Amino acid sequence: MLLVSPRIATRGWALATQALSHPSWAVSHLSNFNEAMYDRKHPWQWAPAESLSVVDALQKAGGWQEAEIRAVLDELVAPTGPESSTLTVDQDGSSEFIQLANAWCRLAKPQLVLETGVAHGFSTASILQALERNGSGHLISIDLPHLHPDAIKTIGAAVPKELRSRWTLCLGGEVSTIPRAMSARPEPLDLFVQDASHSYRGQLKAYGAAWPFLRDGGVLLSDDVSEPFDVFARRVGRTPIYVHQPKWRPVGLIVK
Ligand SMILES: C[S@@+](CC[C@H](N)C(=O)[O-])C[C@H]1O[C@@H](n2cnc3c(N)ncnc32)[C@H](O)[C@@H]1O
């Protein structure tokens, strides 16, 4: 007879119940897993020919002056949400990615921003902070919860309560949730911030799902990019801008 410890059995039961209550989440997790396996079997080498600093990238993409970019970057403060004291920005999005998302929102004053990949909510909080300072705009965030029921509580835990009135959080896989979330909004998308799936095929699918909703002149910003970002930029006939960050892969930016 196979013996399983009560702790493992309870955990297994909780995961199975959650998967049955949210079959689309289970399907998205399976898809993430398949795409990660594909990447392991088909590794690729890629590095951008050029990568810029945050300030240079914002100057190139938006035409703002260095002084006004530095002024908004100086005003970015770390999030103070319910659980932020135990977290550091380095656990989640890099400071370059967070600075770009915040500064773009301060300078371009978007009315609608869509973000995929929330985790504790550092990028979320930085975007909401910018919208609040602008006095206008709304953020839709999408995240796929882990199947353990307690995992949902950590999504966006660092987002301060006073910034949440401009925020809609949608739970689910990014590729299927993007059209669902966007079809409920009448206005076009000004900024799409992708930081959910990090696999080759997952990132390509996410860019493709959001692109039709992005207005001309709108921006696609993605963390930890590599070849799929370059492939996508060529596919839509745009020149990508890359921003250097100390960790892993650069941040990518495309103006539509
Ligand atoms: C790197 S973290 C996001 C960090 C966050 N943007 C920040 O800067 O602090 C990635 C998040 O994406 C979520 N995720 C992974 N695959 C996803 C998918 N297919 N659809 C939606 N969310 C996904 C994970 O649950 C995780 O919370």
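How many bridges join β4 to strand β5 (residues 214-222)? There are 5, and the two strands run parallel. The structure is a predicted model, in which local features need pLDDT of at least 70, side-chain atom pairs count only at pLDDT 80 or more, and totals for chains, interfaces and linings use all residues. Residues are numbered from 1 along each chain as its sequence is written. Helices (H or I, at least four residues) and strands (E, at least two) are DSSP runs, numbered from the N terminus.

**Sheet**

- An open sheet of mixed pairing is formed by 7 strands in the order β3-β2-β1-β4-β5-β7-β6; two strands pair if DSSP finds at least two bridges between them.
- Because β3 and β6 (241-243) stand at the edges with a single partner strand each, one side of each is left without a neighbour in the sheet.

**Strand pairs**

- Leu189 has Leu214 in β5 as its bridge partner.
- The chain passes from β4 through α8 to β5 in a right-handed β-α-β crossover (with the strands pointing away from the viewer, the path from the first strand over the helix to the second runs clockwise).
- β5 is joined to strand β7 (residues 251-255) by 4 bridges, and these strands run antiparallel; Leu221 stands opposite Leu253 in β7.
- β1 and β2 run parallel and are joined by 5 bridges, with Val113 opposite Leu139 in β2.

**Helix α7**

- Glu174, Thr177, Ile178, Ala181 and Met182 are buried in α7 (residues 174-183), where buried means 20 or more other C-beta atoms within 10 Å of the residue's own, exposed 12 or fewer, and partly exposed in between, with C-beta atoms placed from the backbone.
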